[in-house]
Amino acid sequence: MEQKRYGHFDDQHREYVITDPQTPWPWINYLGNEDFFSLISNTAGGYSFYKDAKFRRLTRYRYNGVPMDNGGRYFYIKEALGESPVWSPGWKPCKTPLDFYECRHGMNYTRITGRKNDVECSVLFFVPLKTWAEVQKLTLNNLSNDVKRLKLFSFQEWCLWNAATDMENFQRNFSTGEVEVESPTPGLPSREGVATVIYHKTEYKERRNHYAYYSVNTAAQGFDTDRESFVGLYNGFDAPECVVAGQPKNSIAHGWSPIASHYIEVELQPGESKDYIFVLGYVENEQEEKYERAEGAVQSSNAPAARSTVQTSLGALDHTIINKRKAHETIARFDTSEKVDKAFAELNRYWDDLLNIYKVESGNAKLDRMVNIWNQYQCMVTFCMSRSASFFESGIGRGMGFRDSNQDLVGFVHQIPERARQRIIDIASTQFPDGGCYHQYQPLTKRGNNDIGGGFNDDPCWLIFGTIAYIKETGDFSILDEQVPFDNQPGTEVTLFEHLRVSLNHVIENLGPHGLPLIGRADWNDCLNLNCFSWDPNESFQTTENKSEGSKAESLMIAGLFVVTAKDYAALCKRIGKDAEAERMQQAADAMAEAVKQYGWDGEWFLRAYDFYGNKIGSAENEEGKIFIESQGWCTMAGIGLEEGLVARSLDSVKKYLDCEHGIVLNNPAFTTYHVEMGEISSYPAGYKENAGIFCHNNPWVIIGETVAGRGDDAWTHYAKILPSYVEEDRQTLHKVEPYVNCQMVAGKDAARPGEGKNSWLTGTAAWMWLTVSQYILGIKPDYDGLLIDPCLPSTAREYTVSRRFRGADYTIHVVNPQGVAKGVKTITLDGQAIEGNVIPFSEGNHQVEVVMG
Ligand code: BGC
Ligand code: NOJ
């Protein structure tokens with residue numbers, strides 16, 4: 001396959017620059033980092049939502065459309081005179097060839113620029129901090145020597161709020177749509193800040209307390225709000241009827257599909273440029289504040305009633321004119337270019353601060369850009385989205401995962417510890433009194449999700465994992481005393497520490513015949529469904545009832561995870577004076593490690609599991625699926641059998657059987673037929689997803705295992721194989737998905753096209769890659785008393801510097817490795833003084849640390 005490049009990194013601006021709109025797959029970015037979010041592709045496709053991609057979807061998006069990625073925030077430009085074709089700055093939807101195209105995806109912003117016939121249109125898209133709106137600053141520039149007369153159309157399509165029913169319940173949907181349009185009164189002179197605003201208020205008059213709006217900071221010459229009037233029943237987004245005709249219809253939607261489009265006439269002198277600011281926003285109003293009252297109690301700052309007219313779907317019958325105060329306030333905050341530029345600078349400063357917390361200078365640009373920019377950025381996006389909304393996750397399928405969210409936490413706890421703290425409390429609140437947990441919860445309600453329920457027996461351990469990462473980063477032990485309910489039931493509150501205790505108890509109270517953890521519905525591998533036995537194609541492997549009664553199915557992955565987290569918990573207990581509890585759990589960890597050695601070692605690697613009947617899974621005895629990655633990762637991370645050489649042998653087997661050019665596959669050989677006793681894993685074609693795909697999330701477990709064994713070259717080789725910046729260099733076409741972030745899965749060696757990526761952005765890979773490189777390769781590990789320095793390096797790494805802000809103090813850590821050893825810290829000096837051991841004790845201020853390996 002011929003490899004082509006579609007873009008490149010611009011590290012100085014922290015951007016990925018796409019120079020060809022026809023990427024092998026839409027390459028997207030995320031706007032917003034708190035409440036209001038948008039997905040935006042390199043051709044401006046995508047959608048926006050408030051907090052919850054299912055229940056508060058603002059704009060409509062069609063997954064599975066043909067061609068894909070059709071629909072988004074679109075601008076159309078038509079020259080008023082002559083026959084030149086309509087074009088869009090992002091190439092789509094018009095697809096008129098452009099004289100220049102560029103899309104710059106940056107930290108929570110995207111700038112798309114197109115040029116045609118000496119007119120340049122550049123649009124900056126971002127969600128300002130603390131704002132429930134996407135701001136779009138559009139700049140038109142006349143590069144010619146002639147006057148240009150242009151017709152500019154904007155376009156978005158409203159989603160009827162619930163993204164699921166919006167795609168289903170057409171018999172109702174086609175009759176509910178309602179809008180209002182506020183346009184400056186005809187005849188009155190337009191003035192700066194006078195906005196034409198289109199409001200979407202479907203269901204507002206009944207139970208909804210929210211509406212959306214789309215404004216422009218000028219008096220538009222027209223608008224449209226009815227899709228069929230604007231687009232035309234027989235046209236597509238590429239050639240809407242109104243745009244082709246160069247004429248809006250000023251349509252008011254009554255049911256069917258409401259949209260928002262402004263029509264603006266622009267005249268540009270030679271060399272002149274003009275900005276237009278569009279705001280797509282969301283508002284919530286209290287019940288008693290919902291409507292604008294006749295007596296004019298609600299006054300707006302920038303569009304007083306006298307200056308504007310309001311048209312609504314219901315016309316004179318409408319007693320429910322919306323209270324627009326909050327919308328007007330937000331619109332007024334962004335009604336000039338200066339205000340927008342200021343808000344944009346604030347967003348950039350916010351990212352400066354976040355990314356200044358951990359920075360490396362290694363001399364390897366491919367490493368530095370991942371560590372300093374993109375890996376951390378992806379972690380933040382994953383924190384915000386969990387697994388809900390991407391171009392592979394429709395935003396309606398899943399809430400926040402219990403295990404996913406705990407793992408994601410290690411990717412951002414150093415940046416936004418307060419939000420990590422809240423996240424831990426939210427997650428723990430969905431736990432059951434016996435330590436089991438809801439597998440998922442909804443972000444809007446924070447309640448456990450009953451559709452999926454619980455019974456995933458690895459889940460409880462992850463709460464220990466997340467909480468300990470938080471305490472080590474912040475030194476905030478007080479979180480352990482927080483009162484946290486079970487299943488969100490008031491009156492059931494116990495301390496968070498008690499939640500941790502019952503979490504581990506849940507494992508030891510559910511052991512199988514070999515003293516190994518019972519797997520329940522599944523462990524980390526949601527597709528290894530050992531108690532499911534499904535023959536019904538109409539049921540989901542994920543939600544169907546399991547037959548755990550009498551099951552002997554045990555998991556070596558949970559065993560390793562338990563040893564790691566139980567040891568960490570025991571150390572924590574010691575720190576807080578709970579010696580007996582520390583001893584109890586240390587013993588349990590030791591017993592588990594023994595059970596693994598006795599019943600979990602297959603001869604050359606760790607077994608994966610025992611099935612319902614007690615048969616081995618992941619053993620040389622099996623025909624397919626002889627070896628799996630998860631147990632190699634966790635048992636080596638736990639250091640089980642390190643002295644006896646089991647760790648090294650397990651890792652060698654990974655290299656021999658699982659590794660390939662593009663990364664480490666999940667299992668080998670792949671399953672080629674359906675095994676009812678294993679479930680979904682054997683449902684996937686060979687080489688994809690959990691059936692021998694390179695499931696990037698778990699590659700770092702092996703990499704960390706390699707660092708436990710002190711094998712720096714092997715750790716680095718595995719790491720670089722799935723590091724996006726390495727893939728970016730020569731495999732953009734094959735890889736298909738965005739080359740600046742990790743994807744969940746890359747097709748494995750048994751697939752038709754090994755190396756092809758899927759499911760980009762929302763994956764635990766982000767947090768695990770971060771943990772791996774920041775703590776295990778570069779080796780700067782937060783610990784209770786300070787920073788533990790323990791790098792594990794490839795022999796080529798001779799020197800690097802990490803700047804690390806830690807609990808408010810600034811450390812500059814300069815590591816030299818004169819002999820190119822993989823591991824071993826010979827000396828450390830802190831501010832010129834030699835220290836004992838390799839923990840830099842925490843103290844406030846600025847510190848210079850010199851580390852010599854050897
Ligand atoms: C996927 C898993 C995922 C699970 C739960 C399965 O179809 O293969 O990766 O964890 O669904 O959503
Ligand atoms: C994706 C899910 O989000 C995660 O929870 C699971 O561990 C992996 N798939 C592996 O199945």
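**Paired strands and ligand surroundings**

Guide: Strand S15 (residues 210-216) and strand S18 (residues 273-284) run antiparallel and are joined by seven bridges. Strands here are DSSP runs (E, at least two residues), helices are likewise DSSP runs (H or I, at least four residues), and both are numbered from the N terminus; two strands pair if DSSP finds at least two bridges between them. The model is predicted, so local features need pLDDT of at least 70 and side-chain atom pairs count only at pLDDT 80 or more, whereas totals for chains, interfaces and linings use all residues; side-chain values use heavy atoms, without hydrogens and water. Residues are numbered from 1 along each chain as its sequence is written, while chains are lettered from A and ligands numbered from 1 in the order in which they are written.

Another set of pairings involves strand S8 (residues 100-106), in which six of seven residues are buried, that is, under 20% relative accessible area with a 1.4 Å probe and protein chains only (exposed is over 50%, partly exposed in between). Three bridges pair S8 with strand S2 (residues 15-18) in the antiparallel sense, and Val17 is opposite Arg104 of S8. Seven bridges pair S8 with strand S9 (residues 109-116), again antiparallel, with Cys103 opposite Ile112 in S9. S8 and S9 make a hairpin with two residues between them, and Asn108 in the turn has a positive phi of about 65 degrees.

A further open sheet has three strands in the order S25-S26-S27, with antiparallel pairing. Its edge strands, S25 (554-555) and S27 (616-617), each pair on one side only. Two bridges join strand S26 (residues 609-610) to S27, and Tyr610 has Lys616 as its bridge partner in S27.

Turning to the helices, H15 (residues 699-708) is largely enclosed by the rest of the structure, because nine of its 10 residues are buried. Among these buried residues are Trp701, Ile703 and Glu706. Just after H15, Gly710 adopts a positive phi of about 75 degrees.

The ligands come last. The residues around ligand 2 include Arg387, Asp404, Asp526 and Glu690, where a residue is counted if one of its heavy atoms lies within 4 Å. Its shell comprises two nonpolar, two polar and six charged residues, with Ala, Val, Leu, Ile, Met, Phe, Trp, Tyr, Cys and Pro taken as nonpolar, Asp, Glu, Lys and Arg as charged, and the others, Gly among them, as polar. An oxygen atom of ligand 2 is 2.5 Å from a side-chain N or O atom of Glu690, and one is 2.7 Å from a side-chain N or O atom of Asp404. Glu690 is also among the residues around ligand 1, where a polar side-chain atom of Glu690 lies 2.6 Å from a ligand oxygen atom.

Conventions:
Polar contact = N/O pair within 3.5 Å; in protein donor to acceptor, adjacent residues only side chain to side chain.
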